[in-house]
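Me: I'd like a close look at one part of this protein. Please go through its aromatic rings, then take me on to the ligand.

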Amino acid sequence: MKIAIMGAMPEEVAPILEHLNDVEEVHYAKNTYYKAKYKNNDVVVAYSKIGKVFSTLTATTMLELFACDVLLFTGVAGAVNPELAIGDLVVATKLAQHDLDITIFGHPHGYVPEGSVYIQTDKDLVALSKIVATEMGVKVKEGIIATGDQFIADEAKKEFISQTFQADALEMEGASVAVVCDALGVPFFILRSISDSADMDAGFNFEEFVQSSAKVSAEFLMKMVDRLVRA
Ligand code: 3QA
């Protein structure tokens, strides 16, 4: 099994690379892919750069060029659900693009013809995350993640995303990665740790907590990888 591990920013994948051996850099499409081993198992790691377009490119490359059989995403997110605090983990059960809008034609937000508002993540991987969470004694929230090409730092925008998509967290890459994996029939998993609450303090909180929350997410993901390579 060849495992793709993706983040959007360098901070999100740096803690992953520390766990790997025989790291080899491959340059492709103006990005760097790290081919490596984890316990003799093939992994490919990359950060895509921020947003739906770059994450689509990286996810497609991971699956088509590197032929990965499963894709795991790790990173940070803004909290929408008020129960979520900085550092908390969120596992996506399904994702939607909050900025996709052809509602003038009578379609729901996040929908385009022949697409769907939500894309479901792999149930077995979500189940595995539950086992790992129990084993580690950490709380993990299973919920809906909304994705768009905007850093949200505004109560009204956050409220719209909450009401329209019942989102628990928001970020800028998950749903585009989901579209790619769903289209290519590859099981995928999206994990995020909260860095801010998408409110007026979001910019400040993000800068303060991006590194620590990215590490929380990455370390949890590696526990899952450990289980996957043993299975
Ligand atoms: C934000 C990162 C992008 O990859 C999406 C973090 C955390 N809080 C969010 C929020 N709204 C939307 N997304 C998020 N990630 C990139 S902008 C900062 C770049 O600084 C999730 C996320 N409130 C780089 C230095 O200039």
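Is Phe 206 buried or exposed?

Reply: Phe 206 is buried, because its relative accessibility is 18% (buried is under 20%, exposed over 50%, partly exposed in between; 1.4 Å probe, protein chains only). This is a predicted model, with local features needing pLDDT of at least 70, side-chain atom pairs 80 or more, and totals using all residues. Numbering starts from 1 along each chain, and side-chain values use heavy atoms, without hydrogens or water.

Now the rings. There are 2 aromatic pairs (ring centres within 6.5 Å; planes under 30 degrees apart are stacked, over 60 edge-to-face, the rest tilted). One of them joins Phe 206 to Phe 151, edge-to-face, with 5.5 Å between centres and 70 degrees between planes. The pair links distant parts of the chain, 55 residues apart. Phe 206 sits in helix α6 (residues 202-230). Phe 151 lies in the loop between β8 (140-147) and α4 (155-165). Phe 151 is partly exposed, at 42%.

Lys 49 puts its charged end over Phe 54, 4.6 Å from the ring centre.

On to the ligand. It is surrounded by 18 residues, with Val 76, Ile 152, Leu 170, Glu 173 and Asp 196 the closest. An N or O atom in the Glu 173 side chain is 2.6 Å from a ligand oxygen. A polar side-chain atom of Asp 196 is 2.7 Å from a ligand nitrogen. A polar backbone atom of Gly 78 is 3.3 Å from a ligand nitrogen. The protein covers 74% of the ligand's own 600 Å² of accessible area.

Note on methods
Near = heavy atom within 4 Å. Polar contact = N/O pair within 3.5 Å; in protein donor to acceptor, adjacent residues only side chain to side chain. Areas by Shrake-Rupley, 256 points an atom, 1.4 Å probe, with all protein chains shown as cover. Phe/Tyr/Trp six-rings, centres within 6.5 Å; stacked < 30°, edge-to-face > 60°. Helix = DSSP H or I, 4+ residues; strand = E, 2+ residues; numbered from the N terminus. Lys NZ or Arg CZ within 6 Å of the ring centre and 35° of its normal.
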